[in-house]
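Subject: A structure to look through

Dear colleague,

Please find below the structure that I promised to pass on to you, together with its sequence. Once you have had a look at it, read on for what was found in it.

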Amino acid sequence: MSSSSSNSFIHFKTITNEKIKTLFSFADQIRLNSDSHLSFSKFKSSGKTGALLFFEASTRTRMSFETASARLGIYPLRLDGKAGSSLEKGETLEDTVLNVAAMDPSFLVIRCGDDLDLEEISKKLTVPILNAGWGKKGHPTQALLDAYTIRRHFGSCEGQRLLIVGDVRHSRVAASHFELCQKLGYEVAICGPQEFLPQDFSGKVFESLTPALEWSTAAMALRVQFERHSTKSSPASSTEVSVESALNNYRLQYGFTKSNLVHLSSQAIIMHPGPINQGTELDSEVLSDPRCKVLDQVSHGVLVRQALIYSILEGKL
Ligand code: CP
């Protein structure tokens, strides 16, 4: 687990591959509703709470953690952004976290930007912190559910080839895969326009999509974050035209379209962490491609997060 707190889950740096495999096996047990599933109900009527602090927007991660908590019999307490909280009165993010921690939840799930340091704050707390997406640093439970999806399809992550296409430079999902692939033995390659790619990536980089898809066994599109790239100095009308033209060019060169995806093996899978800009990085018709696992990823997110909470509370991770 993270070195910054006894049982927090902030990144993958110190977690062993054996522990991750155990976590996946718990997720399997929940999915199959096998006998050991009975142990997962042990928190019911315990009065335990779990605080979900989402300082940035979320649909999948927030509701997935909420579902996972509820299914374990742990009451989820939600704080969604500033509205209605004392953040509106100027309370700091750190003070908010410390005050909620003082209410003695069993864990804190936190989504935040780079303006909160999860490692530093975890040193001040005994309650475990679960990273639900931290700036550009990482989104480890997303990487876990992606890897679980790959494992379910292929039987193992070992030897699989994950292609990540798009705005890798700003992606916390990609950052977590760069850590997790070393634990689980899958290879990660990246593809996208030069300005979207990290300069310090030491792995395989594809400049164009066709050979990248041919190489891949699991192809993941990332949301294009054009809000980070568009020029603000242009007049409004020309900015709109240039953004529209950039989006169209992007779709033709790097988008997951029916025609581009003929280069992906029929045995491969298509993934996206969501939310999707349909018609930009992934066409809507791709969602009905038999290789597409986008909604499976979401379902697996609940299993993996349920297994993670269980493992942390039972000291098994
Ligand atoms: N994949 C993901 O993190 O989605 P949300 O932003 O909706 O949680």
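For the count of charges that comes next, Lys and Arg are taken as positive and Asp and Glu as negative, while His and the chain ends are not counted. The place of each charge is set at NZ of Lys, CZ of Arg, CG of Asp or CD of Glu. With those rules, the protein carries 34 positive and 34 negative side chains, and the centres of the two sets are 5 Å apart.

Before going further, please keep in mind that this is a predicted model, in which local features need pLDDT of at least 70 and side-chain atom pairs count only at pLDDT 80 or more, whereas totals for chains, interfaces and linings use all residues. Residues are numbered from 1 along each chain as its sequence is written, and side-chain values use heavy atoms, with hydrogens and water left out.

How confident is the predictor? On the scale called pLDDT, which gives the predictor's confidence in each residue from 0 to 100, the mean for the protein is 92, and 91% of its residues reach 70 or more.

As for the overall fold, the protein has nine helices and nine strands, where helices (H or I, at least four residues) and strands (E, at least two) are DSSP runs numbered from the N terminus. The radius of gyration is 20 Å, close to the 20 Å that the globule rule gives for 317 residues, so the protein is as compact as a globular protein of that length; the radius is taken over C-alpha atoms, and the rule is 2.2 Å times the number of residues to the power 0.38. Of the contacts between residues at least 6 apart in sequence, 71% join residues at least 24 apart.

Buried residues make up 53% of the 317, and here buried means under 20% relative accessible area, exposed over 50%, and partly exposed in between, with a 1.4 Å probe and protein chains only.

S45, in the loop between α1 (17–32) and β1 (49–54), has a phi near 65 degrees, a positive value in a residue other than glycine, and at 80% relative accessibility S45 counts as exposed. D104, placed in the loop between α3 (93–101) and β3 (108–112), likewise has a positive phi, near 65 degrees, and counts as exposed at 64%.

A cis peptide bond joins G274 and P275, with omega about -5 degrees, and P275 is in the loop between β9 and α9 (294–313).

G185 lies in the loop between α6 (172–184) and β6 (187–191) and, at 31% relative accessibility, counts as partly exposed. Apart from neighbours within four places in sequence, G185 is in contact with C157, E158, G159 and Q160.

Finally, T67 belongs to helix α2 (residues 60–71) and is partly exposed at 28%. The C-alpha atoms of T67 and L303 are separated by 9.5 Å, although these residues are 236 apart along the chain.

Notes:
Contact = heavy atoms within 4.5 Å.
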